[in-house]
Every structure is written in C-alpha cells, then in structure tokens.
Amino acid sequence: MVDIQPPQLTEDFRQLVDNAPLLVSRHSKDGKFIYASPSYRQLLGYEPDELRDQSLYLFIHPAEVERLRSACAMIQSRKEPRTVACRMKHKDGHFMWVDITCNVSADSQSIQIFGVDNSTTKYLEEALRIMARGTDTLHGLDYFRVLISQVAAAMRMPFAFITEHVENKTKVRMLAFWQGKDFGTPFEYGLAGTPCDAVINEGRQCYYPTGIQALFPHDKDLVSLAAQGYIGVPIVNGQEEVIGHLAVLDNKQMMIEDREFSILRIFAGRASVELERWQREQQRGAAAN
C-alpha cells in the first residue's frame, strides 16, 4: 500500500501546503497518488485518503489526458517543469479547469503536481466567445434577441430578458425575452412589487437565490414562470444613468458564484452600448415624424 502521507515536511511548510488554495500532490512515475493535500477536499471534494493508489489520469477530462501524460513524460527526461491547462473531475461529477504544473521531485523518484483553479478565467473567456458570436452585424431588437439568448446559455438559466424603463421608471418594456427553449413575447410591466424595482430605481444588483415568489407575492409573472431564483443587474449609459436592466430567472434554487456575476455584468455592459444607440435612433425617428 502506498503511503498517502506527505513526504518529509517542516511544520511551517506543512501548514502552508495544507491551507493553500491550490492542489498539491505527489505521484509515482505512472501517475498514482502518493500524497494529496487537504485542498483536494476543498477544491474537488475528495478526501486525501480516497485518492490512495488512484491514478491522477482518472480525474482528468479524457480530452486532456494525453496532453498531461506527455507533459509528465517530458519533465522526467528534461527535468524542467511543465504547465498545462486541464479539466479535473469534481467528486460531484462536474469538471473544473486547473492549471497543472508538473515537476520531478528532488530524488527523481516521483512527480510533484501543483494545481491552480482557473475555471473563472475559462468561464469568462467562454462567455466572451459566446457574446461575440452572431452579434457583429446585428442592431436593435435583433441584437437584443441574440444577446439575451446568449445570456441564458452562458448563465445556464432557462429565463432571461432585457428591458428599458418607461414612464419615469414606474414600468419597464421588455426588448427581448428568452423563455426556456425559444423567445417569448416581450411585454411591459409595472415595477411596483417586483424584484426589478430596486434594480431600476436604486441602480443596484439584486440577487435572490430562492423563494422569490414568497418575497414578492404580488408579482404574478413570477408565478407564471414558476420562478424560484432571480438576479438582475442595471444597464447604465455613459452618464451613469440607469436606462434598463438585464435579468435571469431559474425555476429552481440558484447557486451563483462570482464568475456568474462577472458574466452578467459583462453582458449588461455590452447591452448598454447598443441600447444607447438604439434609443438615440428611436428619438431621431420620433422627432422626424
């Protein structure tokens, strides 16, 4: 049985390894775990003892296994560290992006692994790629329709919409509405008694992970959508004035992390540019008539 305990470490270094927000492990040359730091529990959900004698490659996404194998083989011949981006499997089944640095131990008998979670960066990069697709040549309502479907895809949420406020911020008008698997019919609604009120009139991000219907019992639209969770962010113009908002809803409890908040703010920022342009066009058209 391979000992899962760490190699000889000073107490200070042990404390550093045990509490660092990165994966630290030691492996035999064929990839089997010799030591795993407690951060495997924190970041991937595995107890270090669970990893005893398990191959590192069992926890790597199949698409990246050979790349990591090649890196580990190269460091053993060249004695130079290599870093590769891989998806590692969490105990609950999902994959997270990790920058893995491989190096050979001082005695050349094992491989040392240091892994840093970079899922937030990858997630944002993917969101930006999604945003760029299909919007370059679109404007106005067509742009908002494509954008809001991309918001739903990036956030993995069934409902999303974008609005502009009307009637002195007492109502909002939907410009595009993604409803499950297709576009719904946009509509106007009054802000009083809705979670959107504070987003528009106070200009702040509002997040209700669950129980949204109980918190806003007079909002019948929440009932019709069977909504449980809500997050909305204001859309502001160049003068820092709220001109609309972007919101997503889920029919189950939301579990929003910082990266999702970042994505929503990125989309809201992009929407503001087009909304300002579109509103100017509408005003010019009204003046001409």
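The exercises below walk through a predicted model, each with a worked solution.

The model is predicted, so local features are taken up at pLDDT of at least 70 and side-chain atom pairs at pLDDT 80 or more, while totals for chains, interfaces and linings use all residues. Residues are numbered from 1 along each chain as its sequence is written, and side-chain values use heavy atoms, with hydrogens and water left out.

**Exercise 1. Confidence**

Find which element of the chain has the lowest mean pLDDT and which has the highest.

Solution. Begin with the term itself: pLDDT is the predictor's confidence in each residue, from 0 to 100. The chain averages 84, and 85% of the residues score at least 70. Helices (H or I, at least four residues) and strands (E, at least two) are DSSP runs, numbered from the N terminus. Among the elements of the chain, the lowest mean pLDDT, 46, belongs to helix 1 (residues 11-19), and the highest, 96, to helix 6 (residues 196-201). Over residues 1-17 the pLDDT is below 50, and this stretch has 26 contacts in the model beyond near neighbours in sequence, a contact being heavy atoms within 4.5 Å.

**Exercise 2. Helix 5**

Compare the span of helix 5 with the expected one, and then determine which of its residues are buried.

Solution. The expected span of a helix is 1.5 Å times one less than its number of residues. Helix 5 covers residues 140-155, which makes 16 residues, and from its first C-alpha to its last it reaches 22 Å, close to the expected 22 Å. For burial, the cut-offs are under 20% relative accessible area for buried, over 50% for exposed, and partly exposed in between (1.4 Å probe, protein chains only). The buried residues of helix 5 include Tyr-143, Phe-144, Leu-147, Ile-148 and Val-151. An α-helix has 3.6 residues a turn, so residues three or four places apart point the same way. After the helix comes Arg-156, whose phi is positive, near 55°.

**Exercise 3. Strand 6 and its partners**

Work out which strands pair with strand 6, and whether strand 6 is enclosed or open.

Solution. Two strands pair if DSSP finds at least two bridges between them. Strand 6 pairs with strand 7 in the antiparallel sense over eight bridges, and Thr-163 stands opposite Met-174 in strand 7. Strand 6 also runs antiparallel to strand 12, to which six bridges join it, and there Phe-159 stands opposite Leu-249. Because seven of its eight residues are buried, strand 6 is largely enclosed by the rest of the structure.

**Exercise 4. Positive phi in the loops**

Locate Asn-168 and Glu-240, and state the phi of each.

Solution. Most residues other than glycine have a negative phi, and most peptide bonds are trans. Asn-168 is found in the loop between strand 6 (159-166) and strand 7 (171-179), and its phi is near 55°, a positive value. The hairpin of these two strands has four residues between them, and within it Glu-167 likewise takes a positive phi, near 50°. Glu-240 lies in the loop between strand 11 (229-236) and strand 12 (242-250), with a positive phi of about 65°. Asn-168 is exposed, with a relative accessible area of 73%, and Glu-240 is exposed at 63%.

**Exercise 5. Salt bridges**

Solution. A salt bridge is a side-chain nitrogen of Lys or Arg within 4 Å of a carboxyl oxygen of Asp or Glu, and the structure holds 14 of them.

**Exercise 6. The surroundings of Arg-204**

Describe where Arg-204 lies and which residues it touches.

Solution. Arg-204 lies in the loop between helix 6 and strand 10 (206-208), and at 38% relative accessible area it is partly exposed. Not counting residues up to four places away in sequence, Arg-204 touches Ala-198, Val-199, Gly-232 and Pro-234. Arg-204 and Gly-232 are 28 residues apart in sequence and 8.4 Å apart in space, C-alpha to C-alpha.
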